[in-house]
Amino acid sequence: MSGRAEAHHQHRDVTGGWLRPSVFGAMDGLVSNFALIAGVAGGTANTKVISLAGVAGLAAGALSMAGGEYVSVASQRELAQAEIAVERRELARHPDDERAELAQTFVDRGVAPELAAEVARQISQNPEQALEVHARNELGVGPGDLPSPSLAAVSSFLSFSVGAVLPLLPYLVGVQSLTVSAVASCVALFAAGALVSTVTARNWWYSGLRQLVVGGVAAAVTFALGNLIGAAVL
C-alpha cells in the first residue's frame, strides 16, 4: 500500500452555468407566485379570481424570466465573442508582442523568465491553443466555453414554471384554500432551500430556513397589502 496521499480530487461546478438560472428560476417562481396568490387572496375570497391570478402569474413570470435570461446571456456571449475576435486579430497582426505578453503572465505567476518564454513559444505554435490561453488569461473565458442563451432561457422557463405551480396546485385540484396553498408553499420553500445546500455545502437546515423566511415575508407583506386594498375598495 502506498504511503502517498491520493492526489486526485474533484470540485463542484462553481461557474453557475446551469445552477444559477435553474435555482433562481425555481425560487423566483415559488416566491413570486406564492406572494401573488397571497396578495390576491388577501383582497378577495373569490377562488376563481385567485386561480386566474396564479395562472397569469405563472405564465407571465415564466415568459419574462426566459426572455430576460435569453437576452442577458446572449448579450454576454456577444460581448465575449467580440473581445475574442479582437484577441484573434492581435495574435495574427502582432504575434511577437502577444507571445511576449503571454510569457510575462507566466513570469508574474512565478515561472522563470527563460522557461516562461519557452512555454509561450510552444503554445504560440498552435494559433487556436494560443487564442484559448490568451482569452482565458485576459477575459476569463475560453472560446468553447461561452454560455448558451437558449439553454439558459429554457432552464429559466421550466424551473420558474415548476416553482410557480406549487402554490397554485391546491386551487387547480379543487382544494381552494389559502391555508393549504401556504402550507404547500412553505414546505416547498424549505425543501428547495435544503436542496440547494447539496451543491453549496451550506447546512441544509440553514439554507432551508433562509429560503422559507424570504418567501414567507414576501407572502405576508403582499397578503397584508391585498387585505388593505381589498377592504378599502369594498
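Just after helix α6, glycine 174 takes a positive phi of about 100 degrees, in a chain whose secondary structure comes to eight helices and zero strands. This is a predicted model, in which local features need pLDDT of at least 70 and side-chain atom pairs count only at pLDDT 80 or more, while totals for chains, interfaces and linings use all residues. Residues are numbered from 1 along each chain as its sequence is written, and side-chain values use heavy atoms, with hydrogens and water left out.

**Overall composition**

- Read from the N terminus, the elements of the protein chain run α-α-α-α-α-α-α-α, where helices (H or I, at least four residues) and strands (E, at least two) are DSSP runs numbered from the N terminus.
- Of the 234 residues in the protein chain, 33% are buried; buried means under 20% relative accessible area, exposed means over 50%, and partly exposed lies in between, with a 1.4 Å probe and protein chains only.

**Helix α6**

- The 24 residues of α6 should span 34 Å at 1.5 Å a residue, and this agrees with the 32 Å between its end C-alpha atoms; the expected span is 1.5 Å times one less than the number of residues in the helix.
- Within α6, a kink of about 50 degrees lies at leucine 166, shortly before proline 167, the bend at a residue being the angle between axes fitted to the seven residues ending there and the seven starting there.

**Packing of α2 against α6**

- Helix α2 (residues 47-93) packs with helix α6 (residues 149-172) at an angle of about 165 degrees, and their axes are 8 Å apart; axes are lines fitted to C-alpha atoms, for helices over the stretch in contact, and angles run from 0 to 180 degrees between N-to-C directions.
- That angle makes α2 roughly antiparallel to α6, given that angles under 35 degrees count as roughly parallel, over 145 as roughly antiparallel, 65 to 115 as roughly perpendicular and the rest as oblique.
- The crossing in which α2 passes α6 is right-handed, and a crossing is called right-handed if the near helix is turned clockwise from the far one by less than a right angle, and left-handed if anticlockwise.
- The residues of the contact of α2 with α6 divide into 20 nonpolar, eight polar and two charged, where Ala, Val, Leu, Ile, Met, Phe, Trp, Tyr, Cys and Pro count as nonpolar, Asp, Glu, Lys and Arg as charged, and the others, Gly among them, as polar.

**Other helix pairs**

- The axes of α2 and helix α5 (residues 127-139) come within 10 Å and cross at roughly 125 degrees, so α2 and α5 are oblique to each other, and α2 passes α5 in a right-handed crossing.
- For helix α3 (residues 95-108) and α4, the axes come within 8 Å and cross at roughly 135 degrees, so these two helices are oblique to each other, and α3 passes α4 in a right-handed crossing.

**Residues paired across the sequence**

- Arginine 89, found in helix α2, counts as partly exposed at 40% relative accessibility, and its C-alpha atom is separated by 9.9 Å from that of leucine 131, 42 residues apart along the chain.
- Proline 147, in the loop between α5 and α6, is partly exposed with a relative accessible area of 29%, and proline 147 and alanine 74 are 8.1 Å apart, C-alpha to C-alpha, although 73 residues apart in sequence.
- Serine 148 has its place in the loop between α5 and α6 and counts as partly exposed at 34% relative accessibility, while the C-alpha atoms of serine 148 and arginine 77, 71 residues apart along the chain, are separated by 7.8 Å.
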